[in-house]
Amino acid sequence: MTENPQQQTSSTGTAAIAGGPLRQAVVIGGNRTPFARSHGAYASASNKDLLTAALNGLVARFGLQGERIGEVAAGAVIKHSRDFNLTRESVLGTVLDHSTPAHEVQIACATGMEAIGGLANKIRLGQLDSAIGGGVDSISDAPLVFNDAARSVLMELNRARTVQDRIKAVLRFRPGHLAPEAPGTEEPRTGLSMGEHQARTTHRWGITRQAQDELALASHHHMAAAYDRGFFDDLVTPFGTLTRDNNLRADSTLEKLASLKPAFGRDLGEEATMTAGNSTPLTDGASAVLLGSEDWAAARGLPVLADFVDFETAAVDFVDGQEGLLMAPAYAVARLLQRQGLTLQDFDYYEIHEAFAGTVLATLKAWEDEEFCRERLGLDAPLGPIDRARLNVNGSSLAAGHPFAATGGRITATLAKMLHKKGPGSLGLVSVCAAGGQGIVAILRGR
Amino acid sequence: MSTDSYTALVNQPLGHRLAQALGLPQPAILRRHRPGAPLVDGPVLVLGGGPAADEAATHLLDWGQDVRRHPAAQDRYGAVVAAFDDVSTPAELSATALELGAVQRQLGGSGRVVTVYQDPEGTPDPAVRAARKGVEGLTRSLAHEMRQGSTANGIILGEGISLGAPGAAGALRFLLSGRSAFVSGQFIPVATDGGATPRDWDRPLAGRVAVVTGAARGIGAAIAETLHRDGATIVGVDVPAAGQGLADVVNALSGSALQLDITAPDAGERILAHCRERHGRMDVVVHNAGITRDRKLANMDADRWDSVIAVNIESQLAMNRAFLAAAGDGVVAAGLRIASLASTSGIAGNAGQTNYAASKAGVIGMVSATAPLMTGGGTINAVAPGFIETEMTAKIPFLTREVARRMNSLSQGGRPVDVAEAVSFLVSDAAGGTSGATLRVCGQGIMGA
């Protein structure tokens, strides 16, 4: 009789949850598909296809075929109701042991970070020895939903017991009922798109068009250079026809970016600064990050790139206009730094998700602003400036694109690799803003 | 996978009669290796009077074969081993050659003839060398005369090496088996008594870690699959752009994938680091990755020329330097085994392929010069495929393809697995007596024969 894999525990000693000491949760590596602008290269791929591909690429990279992973957590911001078990279904499509459990996570654009952070905590507590966290999104595979009026008719038809009732229900149908509702990026409570929200924040913080364009340009150039020197060789596995992110413009210039017309905040007239060039497009793609305890990694000869140190979620009240929709990470970072006894300047790398160039720049400016830090963050002094040479050094979402739930996995794997190269003890800060006025930030430490 | 519907046609009753009536080629369905299948279909007849005949019989009995030492008119043989190791004048070829001829029609489909003789270069005596060299001519011609998927090949014994040597036994077994389905008219030199007999002939690579470059598809994928079938753990390497195919291949084989451009200066180091970290060892390297950028030399540009040379040969030289420097370091096996993909284009030349042929002939030169540098019983050999049915050759225009695939003694193209079988044999301990050699897998293609 062979050992029952369901009962194996590789942890030595007592788990923290059972009274033992906390242990490190380490980032072993990651994998993602190239990201594709929506309705393009991945138009016929589903969320499940993409997530399965990202997982299978991870399995191939680390030789995990047939392995029972402690837990897989991932999610999609926009998905079909039939994909209620998207992650579990994707796991069943991989060559992982099919007794690998999986669950869904969803906190908008920070989904990947929440998935990874939650799993890391379980590993630190000794509940898991290994885990895969990530996410996927495909605007090309978005569900179309009957509008509420049509839904009301259809539900009535469903409830109808007699022929008469059925006929009555059917007679309520109108041509307008056929117009489906497509998912959007509008905030339900304000009716404003994310871009319109950010346009207000960008304007309030006085972020110039040029500063935004420069940030976008740097993102493209940094990422193209990283691809060219093979940095992504062990982070990306091609999918379909793509071998690189197809939003990436290696040959972009400030002049080209400056020629674009404003796309958001057009009501600001001359002062509108946000264009398609300094905002991320809707994107399709998936990512996955392999986490584990040190013992689990060592037993399999797997690399240890970084410790997942801590993460923090914040939310702001954007509805009444008191705070910008995407400013929550500014708050989360302040709390995380305080908890960990660190300053904003202690980091070797900063990975601030570029939802919009304006988001990054407004966040940086807020941390330097005495009044904001005192009034909003409750600090005696501003968090201060960061060394911009350490920001998004291998590009970020403006270049790669931003398949909502996949971005956390992209950033975590990229940063872990950078920190490992930098050396043991190096520190990295992740900041990801999300719809609903939320955001998740995290600290990784190089190994 | 194969686009060769003609072979399928002539292996049906009507098609067979049609081809016969029209005098068209009649390619047979070749016997290929399956784990657990008999080594040879039928009794093996051993001819010749030298020590090799007795040694062959001993090996065959060890392998549980039905061995016959004297021909009988009613017998139908699976294979004939003809030992010429004792010939010292051309006149002495006669007896065994004619005995062999007399039983040739008694050989079954996908039958085997294996001749054994001593290295002509090993003697300064004109008569002896003429006799030994004569065996080569006999074997090659007989290979042309074989029918129904049968082949004829030879084993060349080095000075002082008997057929009892492990490497000679390995060569004999390979040539008799379905593993050598598309090898005909070829010679395997066994120059040393190096190597060992595997514990399990169906898993000669058990416990080994094998790196296969260009593993994402085609011949590379077949090599990875075959080495894995034979027991090896696979490290699949391919360019990042081929990562999706690579992941699929590796996942099916429970191996690990390394996306890497082999022309990167640190490619060898990165492969070593991957093997060290993930698998703790590296026993086998198969340099399969290669590209074609065909143009007549008059139309050749630097980009086409240089990229083919860089990928197909310079990268291998650089990686081998790194691997050899690390051999015996506790991770890289002291007796590292390397196989490298050459091509019959590198032997015979091919219009439009000056760059490719330069790189592939370069591989043949590289393995012969690297062989003496191998330490700890390590070996390096090349495999030169002829026309193989791959995605690449499927793109050749129909008529050209149809002609190309018939221009060999088996009247058909080989399969990727045929190349893979030769590679798997050469990187096994059973081929430990062979190094610096190039084995053609071409069905005795007329190109460069």
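In the predicted model, 13 residues of domain 1 of chain B are in contact with nine residues of domain 2 of chain B. Contact here requires C-beta atoms, placed from the backbone, within 7 Å. On the domain 1 side, helix 5 (126–145) and helix 6 (166–176) of chain B each supply at least two residues. Helices are DSSP runs of H or I with at least four residues, strands are E runs with at least two, and both are numbered from the N terminus. Helix 6 of chain B gives the most to this side, with seven residues. By class, the side comprises eight nonpolar, four polar and one charged residues. Ala, Val, Leu, Ile, Met, Phe, Trp, Tyr, Cys and Pro count as nonpolar; Asp, Glu, Lys and Arg count as charged; the others, Gly among them, are polar.

Domain 1 of chain B spans 40–176 and domain 2 spans 209–441. These bounds come from an automatic or database domain assignment. The centres of the two domains, taken over C-alpha atoms, are 30 Å apart.

Residues are numbered from 1 along each chain as its sequence is written, and chains are lettered from A and ligands numbered from 1 in the order in which they are written. Local features of this predicted model need pLDDT of at least 70, side-chain atom pairs count only at pLDDT 80 or more, and totals for chains, interfaces and linings use all residues.

Between the chains, 20 residues of chain B are in contact with 19 residues of chain A. Helix 8 (243–252), strand 9 (256–259) and helix 9 (267–279) of chain B each supply at least two residues of the chain B side. Helix 8 of chain B has the largest share, six residues. Eight nonpolar, nine polar and three charged residues make up this side of chain B.

Chain B contains 15 helices and 13 strands. Of its 449 residues, 55% count as buried, with 20 or more other C-beta atoms within 10 Å of their own. Helix 2 (residues 13–22) of chain B lies largely in the open, because the number buried among its ten residues is zero. Just after helix 2 of chain B, Gly23(B) takes a positive phi of about 70°.

The largest nonpolar core has 267 residues. Such a core joins buried Ala, Val, Leu, Ile, Met, Phe, Trp, Tyr and Cys residues through C-beta atoms within 7 Å. Among the members that touch the most others are Leu291(A) and Val116(B). Residues touched by Val116(B) include Ala52(B), Phe84(B), Ile155(B) and Leu163(B).

Conventions. A residue is buried if 20 or more other C-beta atoms lie within 10 Å of its own, exposed if 12 or fewer, and partly exposed in between; C-beta atoms are placed from the backbone. Two residues are in contact if their C-beta atoms, placed from the backbone, lie within 7 Å. Lists of a residue's contacts leave out its neighbours within four places in sequence.
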